[in-house]
Amino acid sequence: MKLLIIEDERKIADNLKKGLEELHYRVDLAHDGNTGLEMASNGNYQLVILDRMLPGLDGLGVLEQLRRGGHRTPVILLTALDRINDRVNGLQAGADDYLTKPFAFAELSARVEAILRRSSLSVAQDVRHVDDLTVIYSSQSVQRQGQTIELTQKEFRILCLLVENPGRLVTRKDLVQKVWGLTFETETNVIDVTVRRLRQKVDDPFPVKLIRTVRGAGYILESNNKP
């Protein structure tokens, strides 16, 4: 597994690199946002560990440009900012997890392992179908009626949860914990906004609607719905 650390504090970066290499990961380093963006865009990395406060382009800028460019590599955002809005902003920008400094290396390594485990599905689990909807995990691609649907990382992860639980309620708590990595539901409408965007792509262009809202509870992916 090849990882990229984008961190301007060289002592922290070197310590993380050493620790992760002892766990048998291959690790590259970047010490500013512009270099990190170039490496993350062009390198074949399974995970990026990204500091939020960077010289030049900051961490959020790196993350936003990666996602706009279609790069879906998982990202763990590191930051000294621990306010709820700061965490929400980072997650909304496309981060897969969020770790506040100072942190224990054991916690970081556990989060790295968990994210890589989620993204390393077996071939047998790689393709899921619900009616005319197809989800391919390895390429993180989605098709419906033969048309390719471009999703953000968060939209894709929500759809995966729905596809893996067809006909069953996926609660808002499930989404908060498994997609945003939080242990509580924030007061923002981030869930509603993201699901609305997902529905605009997966449902709105097609006569049969698959995603149903259970008001105040969550969402269900149903097959054979009538338009």
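The following legends describe close-up views of a predicted model. In this model, local features need pLDDT of at least 70 and side-chain atom pairs count only at pLDDT 80 or more, while totals for chains, interfaces and linings use all residues. Residues are numbered from 1 along each chain as its sequence is written, and side-chain values use heavy atoms, with hydrogens and water left out.

**View A. The open sheet has 5 strands in the order β2-β1-β3-β4-β5, with parallel pairing.** Strands (E, at least two residues) and helices (H or I, at least four) are DSSP runs numbered from the N terminus; two strands pair if DSSP finds at least two bridges between them. Because β2 and β5 each have a single partner strand, they form the edges, and one side of each lacks a neighbour in the sheet. On average, neighbouring strands are turned by 20° against each other, direction ignored; axes are lines fitted to C-alpha atoms, for helices over the stretch in contact, and angles run from 0 to 180 degrees between N-to-C directions.

**View B. Helices α1 and α4 are shown with the sheet.** Helix α1 (residues 10–22) lies across β1, β2, β3 and β4 and runs at about 170° to β2. Helix α4 (residues 84–92) touches β4 and β5, and its direction makes about 145° with that of β5. Contact here means heavy atoms within 4.5 Å.

**View C. Gly 33, Gly 36, Leu 37 and Ala 40 are the buried residues of helix α2 (residues 33–42).** Seen down the axis of α2, these residues fall within an arc of 100°, so they line one face of the helix; the arc is that of the directions from the helix axis to the C-beta atoms. Buried means under 20% relative accessible area, exposed over 50%, and partly exposed in between (1.4 Å probe, protein chains only). The buried residues pack against β1 (2–6), β2 (26–30), β3 (47–51) and α3 (59–68). Exposed Glu 38 and Asn 42 are carried on the face turned away from the buried side.

View D. Most residues other than glycine have a negative phi, and most peptide bonds are trans. The peptide bond from Lys 101 to Pro 102 is cis, with omega near -10°; Pro 102 is in the loop between β5 (97–100) and α5 (105–119). Asp 131, in the loop between β6 (127–130) and β7 (133–136), has a positive phi near 50° and is partly exposed at 40% relative accessible area. Gln 145, between β8 (141–144) and β9 (147–149), has a positive phi near 50°.
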